[in-house]
Amino acid sequence: MEQEMRYCIVCGMRKDTGISIWGEFICIACEHEIIDTDVYDEKYPFFIEQMRRIWLKNHA
C-alpha cells in the first residue's frame, strides 16, 4: 500500500512516514529527534513551539 505524502509540522518537509497528532503530521525523523532531545538542549524550545502550534490549531 502506498503511503500518502504529508507536510511535517516540525521540519516542513514532505514525508510519507510518521505520526498524526490531532490531525497534524510529524515525520518519523522529527519524532525520533524530539524523543532524543534533552530538555536542556537548545533545540528543545523549538520543538515545544512546534507542538504548541498543533494545540493552537485545534483550540483556536
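Author: Helices (H or I, at least four residues) and strands (E, at least two) are DSSP runs, numbered from the N terminus. This is a predicted model, in which local features need pLDDT of at least 70, side-chain atom pairs count only at pLDDT 80 or more, and totals for chains, interfaces and linings use all residues. Residues are numbered from 1 along each chain as its sequence is written, and side-chain values use heavy atoms, with hydrogens and water left out.

Reader: Where do Glu49 and Arg52 lie?

Author: Both lie in helix H2, three residues apart, about one turn of the helix.

Reader: What makes the pair Glu49 and Arg52 a salt bridge?

Author: A salt bridge is a side-chain nitrogen of Lys or Arg within 4 Å of a carboxyl oxygen of Asp or Glu. For Glu49 and Arg52 the distance from N to O is 3.4 Å, so the pair is called a salt bridge.

Reader: Why is Glu49 called partly exposed?

Author: Buried means under 20% relative accessible area, exposed over 50%, and partly exposed in between (1.4 Å probe, protein chains only). Glu49 has 37% relative accessibility, so the residue counts as partly exposed. Arg52, with a relative accessible area of 44%, is partly exposed.

Reader: How many salt bridges does the structure hold?

Author: The structure holds three. One of them joins Lys57 and Glu24, with the closest N and O atoms 3.7 Å apart. Lys57 is in helix H2 and Glu24 in strand S4, so this pair ties together parts that are 33 residues apart in sequence.

Reader: Is Glu24 buried or exposed?

Author: Glu24 has a relative accessible area of 19%, so the residue is buried.

Reader: How do you know that Gln50 is buried?

Author: Its relative accessibility is 7%, so Gln50 counts as buried. Gln50 lies in helix H2.

Reader: What does Gln50 touch, not counting residues up to four places away in sequence?

Author: Gln50 touches Ile9 and Val10, where contact means heavy atoms within 4.5 Å. A polar atom of the Gln50 side chain lies 2.8 Å from the backbone oxygen of Ile9.

Reader: Which residues make up the largest nonpolar core?

Author: The nine residues are Cys8, Ile9, Val10, Phe25, Ile26, Cys27, Cys30, Phe47 and Ile54. Strand S4 (24-27) and helix H2 (44-58) each supply at least two residues of this core. The largest share, three residues, comes from S4.

Reader: What makes this set a nonpolar core?

Author: The name is used for buried Ala, Val, Leu, Ile, Met, Phe, Trp, Tyr and Cys residues joined through side-chain atoms within 4.5 Å.

How values were computed:
Polar contact = N/O pair within 3.5 Å; in protein donor to acceptor, adjacent residues only side chain to side chain.
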